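Hi,

Here is the structure I said I would pass on.

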Amino acid sequence: MKPVPEIDPELHGLLDEIVRDPRSALRLTPRRALRHWFDTDERVGKPIDATTAERHLLAVHREALAKLLLDAAWIAYWKAPVLSYLPAERHDGDEEARWNRAAARRVELGDPGVLLTVIEPGLTHARAHTLACAALATVPSDDARYAVATLLPRSEQGESLRALRSLQARLKPGELAQRVRNTLGKRLCAAGTLEEACDEYAQAVDLGEGYMRTASLLSTLNLGCFLGDVQHVQRMLDRAGRELAEDAVAMGPLLATWVSSRPPLEVQRARSTLAQARTTKAEVLQVLLRQIYS
Amino acid sequence: MAREETAAVPPRSHWPSFLRGGERGAIFARLSESDPLRLGERSARRLRERWLLIDPDRAHARAVALCADGAASEEPPRDLAAWTLEKIDLALEQLLRTDEENERNAEPPGAEELSFPLLTNSLMITPEQVRRVAVAFNALEPLSRRAFFELLVEGRDVLEVLEQGPWDADGLHDHVTRCLGSLGYPVPPRQASLNTRFPKPRKEPQ
């Protein structure tokens, strides 16, 4: 039997110190039992078999086609937007030219003739909903479901509300959930159920940032004023702060059109409700609403 | 700052030679044989960065297909690395969405969805359950997934994870418990606080 080698006292002391220190690098060395599945070196250059290649190329091809159809649906919608706060002229006018170039390139690559049936007659507003349905049929996605529900004509209000509610019920918080709640607000408002609409807009406010947050906040504030709910208006003004004045001002004319369609007594009540709320954070919104109600 | 960095990227007016040729299948074969964009490595790294349970080989194959399709149908990008990362993220989004849709519609899993060695070999999950388990895990909030990846996949020390994360020991335990539950390993609820046993280390001043 070999004698046990003597450990240098200095090394022994060092090892002892390392073992007793819970933060030492030795103890923090990662265990690699699971991690190697996400390590990469052995995968570099590994050929992918033909079946996998075909499957993924086909999937990608369908995804690209679905995206083009969905983009086409929204371009068609923006030619005559219904129930939108964003004026059509604020929308990117070059989008259709870019869409045409991308679609033509895919046709050259031998993509299915369905694109030709879209390109040749052009993207007319009347085709928006059909194009969204085609996108959904090509690749089911929540974005496509949202487009199908939103682009339904106003004559199919009930169907649109049903589809939006079903989508909203299972979406995680995020930008799409915000858009869905905002659209629900618009549809409910158009149907005359102001309290429900006010609630949907309020719930949309904190789901995302940017224009949609401003639109939701201003809408719920406006409806809160019309409903005479001072506490709600005050709560919403207190939540304000990240809104872009430019976005709020862009919404002004469309909001003014809606307000002008309401009876004078309602507008008077909205004015009085707004006057009772106090804010130092959302002055732009308050001034804008005051102007619209005057 | 971001603008200056963007401006520093030289404008690219053509694709590199391995992405030229126009035909998707040929570009796909080239990319999968020699991986000049290092999509295998980058996809796996991205999975770790986003704490997602998707088989890295599958993510790689989808990223290769997207890059091949993009090279055939798009204008050359200004920044090839950013374009590649965009395609990898899109590949992950597509796979997440497809799995979620298929699971919701109770579609029978395809061969590719049955194979995920991390789950089948390391966690002994049956192949038929792989997609359900992965969909449930990926639907959890990012912080829970991060806790699971750092503690169990990366195998980091609990004190290090506590120090670097936004949680205390109780929070970390609850996040990991949630992940284990989604993987079919229910853990009994915590009976008492763990914060005394695992105090959150204070960060050393730099």
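For what comes next, two residues are in contact if their C-beta atoms, placed from the backbone, lie within 7 Å. Bear in mind that this is a predicted model.

Chain B first. Of its contacts between residues at least 6 apart in sequence, 68% join residues at least 24 apart. The chain has 11 helices and 0 strands, and its C-alpha trace spans about 65 × 50 × 25 Å along the principal axes. Of the 206 residues in chain B, 34% are buried.

Over in chain A, helix α13 (residues 245-260) has 16 residues and reaches 22 Å from first C-alpha to last, close to the 22 Å expected. Even so, α13(A) has a kink of about 40° at Gly252(A), shortly before the proline Pro253(A).

Then there is Leu164(A), which sits in helix α8 of chain A, residues 157-170. Leu164(A) counts as buried because it has 26 C-beta neighbours inside 10 Å, where 20 or more is the cut-off. Leaving out residues up to four places away in sequence, Leu164(A) touches Ala149(A), Val180(A), Thr183(A), Leu184(A) and Arg187(A). Take Val180(A): it is 16 residues from Leu164(A) in sequence, and the two C-alpha atoms are 6.4 Å apart.

Cheers

Note on methods:
Residues are numbered from 1 along each chain as its sequence is written. Chains are lettered from A and ligands numbered from 1 in the order in which they are written. This is a predicted model: local features need pLDDT of at least 70, side-chain atom pairs count only at pLDDT 80 or more; totals for chains, interfaces and linings use all residues. Helices (H or I, at least four residues) and strands (E, at least two) are DSSP runs, numbered from the N terminus. The expected span of a helix is 1.5 Å times one less than its number of residues. The bend at a residue is the angle between axes fitted to the seven residues ending there and the seven starting there. A residue is buried if 20 or more other C-beta atoms lie within 10 Å of its own, exposed if 12 or fewer, and partly exposed in between; C-beta atoms are placed from the backbone.
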